[in-house]
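Thanks for coming, everyone. Let me walk you through this one. Please have a look at the screen.

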Amino acid sequence: MTDGYEIYYYLIYNFFRIIILCGYIPIFLKRLKTKHYLRPLGLGCYFIINSFLHIYLKNPHLDLISNILLFILYSYFFKGKFYMRILCVICVYSLAMIYEGGIYFFISKTVADQSFKKILLSYILSNIFIFITQIILKKIFNKNNNNYAILKIKHWITLLIISISSIYLASPIVLAENWSVYNAVAIIVILMINILIFYFFYEVTKYYKKAYDRCAIENRNKYYKNQLKVTMESEDTIRKLKHDYKNHMIVLMRYFENNNKKDGIKYIENLIGDFHNSGNISETGNIVIDSLLNYKFKDYKTKNINLKTEVSIPSENLFVLDYHIDIILGNLLDNAIYAVDNYDKKEITVVIKYINKALFIRIENTFNGKINKNKEIFKTIKNDKKNHGYGLKNVKRIVELYNGQIDIEYIEDKFIVEIFLYNNKFT
């Protein structure tokens, strides 16, 4: 490009193109909290470097490489796994290449004007179509939709391979000097295949999510059923105590009239024992947490578990969704109970507190000292590894939604998990 106007129009196109392409990143990654000027500054550096290389080097291959590298660098303003960054850049640039190549071919066959006007029109239309696609994808993979978070790495690798293959197939077609109808058909077919695969991927994630939700609802129904049973037993115990109140007072009066304090105190202790043996581990008034704790620990005495609980939370309007509480507490308590079942010293401590608009959860349990850990990832020690091993992964996923923290440590025969969830809207 030597003409000043062409450079001017290209710079305008490239400026909007970079903004639009970077708008795809939140679909794949989560925004990091940074100073308000850093992201615009990053976009500005991306634009200046990329435009300079395009104008002065005039090499389409180097132009593509610089775009990809700068896009990956900018993605570090967002939080996510490295493979998600790679998937993001490949998907976005394969889509951009297909749109730009296809639109340019269409215009070259329909506009019988000078070459620059064709290029300018293709600039405008490709940006419009890329932006419209971005809006559609954001509607599908919106921030309220965490379906894709439950998929495994192998699913993402499959998408990665598909996207890389699309770029490999599209590159020689887009960069070809002499275009034909074959080029246009090939570009359209590649685009349609990618759209259909991503749509299929979305439908599969919805299926997984529905199955996961059904399982969570079934578990919650079990917890609520147990809570209802415990509550009815408690009320029955209280009714019996009230019914026999007069008789108890008569017996106590006789003990103390005869100066038989020892038997009188023992009698009172038995009454207190009857009152506290109602079966309730937790009575905060929060139906979800009470149900979970009472259900999970309903047999703790028969299992000889030394259980300590300290629960202090609001009875209503807790900012954490019930579904997320089920996942966090359900998995952590299951892991703790499984650990003490396989160890002679059976101790579990549960602390749940609402502190300064944050929910603090601490689960501490004894265990046999065996840890199955690969780098920073804890692996299940349960025999059925196919259907287990996702508990802590799911817990960490929920913690991230609340911009929370999770700390896991093990000291000798103690395994401790501490979680902070903050009252931030994750949506």
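Start with Lys296. At 15% relative accessibility, Lys296 counts as buried, because buried means under 20%. Keep in mind that this is a predicted model.

So what does the side chain of Lys296 meet? Asp334, in a salt bridge, at 2.7 Å from N to O. Now place the two ends. Lys296 sits in helix H11, residues 287-296. Asp334 sits in helix H12, residues 322-341. Asp334 is partly exposed, with a relative accessible area of 33%.

Stay with H12 for a moment. Of its 20 residues, 14 are buried, so the helix is largely enclosed by the rest of the structure. At 1.5 Å a residue, H12 should span 28 Å. The C-alpha atoms at its ends are 27 Å apart, which agrees.

Next pair. The side chains of Lys303 and Asp341 meet in a salt bridge, at 3.7 Å from N to O. Lys303 lies in the loop between H11 and strand E3, which covers 306-312. Asp341 is in helix H12. These partners are 38 residues apart in sequence, so this pair also ties together parts of the chain.

Now over to the strands. Glu418 forms a salt bridge with Arg362, and their closest N and O atoms are 2.2 Å apart. This pair links distant parts of the chain. Glu418 is in strand E9, residues 414-422. Arg362 is in strand E5, residues 358-366. The separation is 56 residues. Glu418 is partly exposed, with a relative accessible area of 23%. Which residues are joined into one network here? Arg362, Glu364, Lys414 and Glu418, through salt bridges that share partners.

How many salt bridges does the count come to? It comes to 7.

Tyr8, Tyr9, Ile12, Phe15, Phe16 and Ile19 make a nonpolar surface patch of about 550 Å². Take one of them, Tyr9. Its place is in helix H1, residues 4-22. Tyr9 counts as partly exposed, at 31% relative accessibility. An α-helix has 3.6 residues a turn, so residues three or four places apart point the same way.

One more helix. Leu169 lies in H7, residues 153-174. At 47% relative accessibility, Leu169 counts as partly exposed. Leu169 and Ala186 are 17 residues apart in sequence. In space, their C-alpha atoms are 8.9 Å apart.

Last topic: confidence. The mean pLDDT of the protein chain is 75. Of its residues, 71% reach 70 or more. Which elements have the lowest and the highest mean pLDDT? Strand E7, residues 377-378, has the lowest, at 50. E5 has the highest, at 92. Recall that E5 is the strand that holds Arg362.

Then look at residues 379-389. Their pLDDT stays under 50. The model has 13 contacts for them beyond four places in sequence. Be careful with such stretches. Where pLDDT is low, the predicted coordinates should not be read in detail.

That's my tour. Over to you.

Key. Residues numbered from 1 in each chain as written. Predicted model: local features only at pLDDT ≥ 70, side-chain atom pairs only at ≥ 80, totals over all residues. Heavy atoms only, no water. Patch = residues over 30% accessible without salt bridge, like charges linked within 9 Å, V, L, I, M, F, W, Y side chains within 5 Å. Areas by Shrake-Rupley, 256 points an atom, 1.4 Å probe, with all protein chains shown as cover. Salt bridge = Lys/Arg side-chain N within 4 Å of Asp/Glu carboxyl O. Helix = DSSP H or I, 4+ residues; strand = E, 2+ residues; numbered from the N terminus. Buried < 20%, exposed > 50% of the residue type's maximum accessible area, 1.4 Å probe, protein only. pLDDT = per-residue confidence, 0-100. Contact = heavy atoms within 4.5 Å. Expected span 1.5 Å × (residues − 1).
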